[in-house]
Amino acid sequence: MRNSVLRMLRIFLTSGAKLAALLLAVSVISFALVSASPVDPVQQYLLSLGTAVSPEQRAEIEAYWGVNEPPVQRCLSWLAGLLRGNLGESAIYRRPVADIIGERFVNSLALMLCAWILSAVIGFGLGCLMGMHRDRLPDRVLKKLCYLLSSVPSFWLGLVLLLVFAVGLRWFPVGFSSPIGILSEDVTVGERLHHLILPAFTLSLMSFVNIALHTRQKLIDVLNSDYVLFAKARGEGKWTILRRHGLRNIMLPALTLQFASFSELFGGSVIAENVFSYPGLGSAVSEAGLSSDVPLLLGITLFSALFVCAGNMIANLLYGVMDPQMREVGE
Amino acid sequence: MRGMNRRACALCWAILLAAVLAAVYLLGLLIPDEAVAGSFLHAKEAPSLAHPFGTDALGRDLLMRTLKGLSVSVTVGIAASVISAVIAVFVGIAAATGSKRLDALINWCIDLVMSVPHTVLVILISFALGRGLKGLLIGIAATHWCSLARLIRGEVLQLRAQPYVSVSGRLGKSGGWILLHHLLPHLAPQFFVGLVLLFPHAVLHEASVSFLGFGLPPEQPAIGIILSESMRYLSTGMWWQAVLPGLTLVLIVLLVDRLGNQLQMLLDPYSAQE
């Protein structure tokens, strides 16, 4: 018992150190990339103001932003601010970046969580179905569908769903996270969910293929094993075998894979949020990039890296700690 | 296709694919700019015989724009996947044959690239390089080499453990000679399969990044641009601008994916008998 606690602690410490190093590298590299940009952030900021600015005012803004200092010094002062939780101020929203990220992340989290659960359920269910009926009709049809879906550009899928369900059938609204013209306090949970369904469904369609094919393969491996042969000889039915031998063996790898897919989830949400004009982090990052809002762009990049790393860490822990087979190997 | 074995089948697919890609590329070059010029008399027309894909809000023929756009997409896709496959081979070999430190460093770099979502990273790189074709190409090439590099590293490690490689070393052959004569020939299939399978990813990422507005400039007829324009007219029922260009892109991607899988099955000895 004590051993395993120590081991957990060691895993936490080493992965924490790795995470810190990785995040530091991400922030330095993204800062370098942004500083290399030929787009002049001050110019963009002044354009977004929409009013004429005298050269003196411009110089003042430049001094305030520290544009004329050497890049290394700017990077260091940005990193120092980062450690104190100060991500800078967004140029397009005129508010602290941390606030915007917090606010947008709540929206994104709702979307990603729904899509994540949906894709896990769909993917796992279809994977089991395909594995059970290997090389028969359901398997062949579903496999074709999976390959087809992985060749479809995600934003196009979103557009088609939008055309069919929002424009054609009018089941769902065309965009945004709440009805237009209603104060944000008055929006009900039902309305929010109604706006969430289509983007979440699109996002889950993008990501369930991986998990379905993985589950299928794992289940086929399990069904080919000796212990399943023995179970069959004992007279266990198909579904009993799936419940007793299949699910236990394929659940954990599937869950691990699902946690490791946070990167695709976040990337997909950038696309889905733009298609459905959903006000989350994904639409904020493309807005920030398009209007050269450097602090916001950097902030969201860093945040997305943190998000992905968190997912990977959970996957590692699940893999190494919860799986009895891996645990034995570790000890 | 009945009566042909798998090798012949794959060869047919390869020829078909090469022909289609070449045709798309040439069509994109040959279609004159007048063909995609707008005319307000024919704006927002549904698909008909004169305009099989319909026309957009400025009266430009969408079939011509789609073909021109596909040509750009295919070029970007091929260039980006070749660059990232070459990077992957170099990095993979360096990781597997270099010192332990180098290996750790390269693995860490791969973790680093993988830790930022691809879409965000491409946006960042494209922003750094001032958008446009160059930023897009470098962004996609710089983000897609990771998994292939890992695959090649594993392959090289496995090869180096083979007796014939160590015998070759004992016989006094230099590292470079072994690399050239023993390792690279084995890596060629991996390289080509990886290259072909990278292409769909590269094309899809190109389209989605252009869709977000970070790729090609809006006057260029790229698929992503056409689709992002179509967003504005979706609610008025202009389905053809969204559906048809996307569908052609899907067809191209499916074709390439098919070829990649065939190649993989043929070249991988474990699945060649399936």
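1. The contact between the two chains involves 42 residues of chain B and 44 residues of chain A, contact being defined as heavy atoms within 4.5 Å. This is a predicted model, in which local features need pLDDT of at least 70 and side-chain atom pairs count only at pLDDT 80 or more, while totals for chains, interfaces and linings use all residues. Residues are numbered from 1 along each chain as its sequence is written, chains are lettered from A in the order in which they are written, and side-chain values use heavy atoms, with hydrogens and water left out.

2. Chain B and chain A bury about 3,600 Å² between them, and 81% of this area lies on carbon and sulfur atoms. Buried area here is the accessible area (1.4 Å probe) that two parts lose on being put together, summed over both. L124(B), F127(B) and L234(B) supply 17% of the area that chain B buries against chain A, more than any other three residues.

3. Across this interface the rule finds 0 salt bridges (a side-chain nitrogen of Lys or Arg within 4 Å of a carboxyl oxygen of Asp or Glu). It does find 3 residue pairs in polar contact, both residues at pLDDT 80 or more. A polar contact is a pair of N or O atoms within 3.5 Å; within protein, one must be able to donate a hydrogen and the other to accept it, and residues adjacent in sequence count only if both atoms are side-chain atoms.

4. On the side of chain B that touches chain A, the elements giving two or more residues are helix 3 (100-115), helix 4 (118-128), helix 8 (175-212), helix 9 (223-233) and helix 10 (239-267) of chain B. Helix 10 of chain B provides the largest share, 10 residues. By class, this side has 28 nonpolar, 11 polar and 3 charged residues.

5. E229(B) belongs to helix 9 of chain B. With a relative accessible area of 13%, E229(B) is buried (under 20% relative accessible area, 1.4 Å probe, protein chains only). Its side chain makes a polar contact with the side chain of R65(B) at 3.1 Å. Leaving aside neighbours within four places in sequence, E229(B) is in contact with D56(B), R60(B), R65(B), P218(B) and Q241(B).

6. Chain A has 14 helices and 0 strands; helices (H or I, at least four residues) and strands (E, at least two) are DSSP runs, numbered from the N terminus. Of its 331 residues, 44% count as buried. Among contacts in chain A with a separation of 6 or more, 71% are between residues 24 or more positions apart.

Methods
Buried means under 20% relative accessible area, exposed over 50%, partly exposed in between (1.4 Å probe, protein chains only). Ala, Val, Leu, Ile, Met, Phe, Trp, Tyr, Cys and Pro count as nonpolar, Asp, Glu, Lys and Arg as charged, and the others, Gly among them, as polar.
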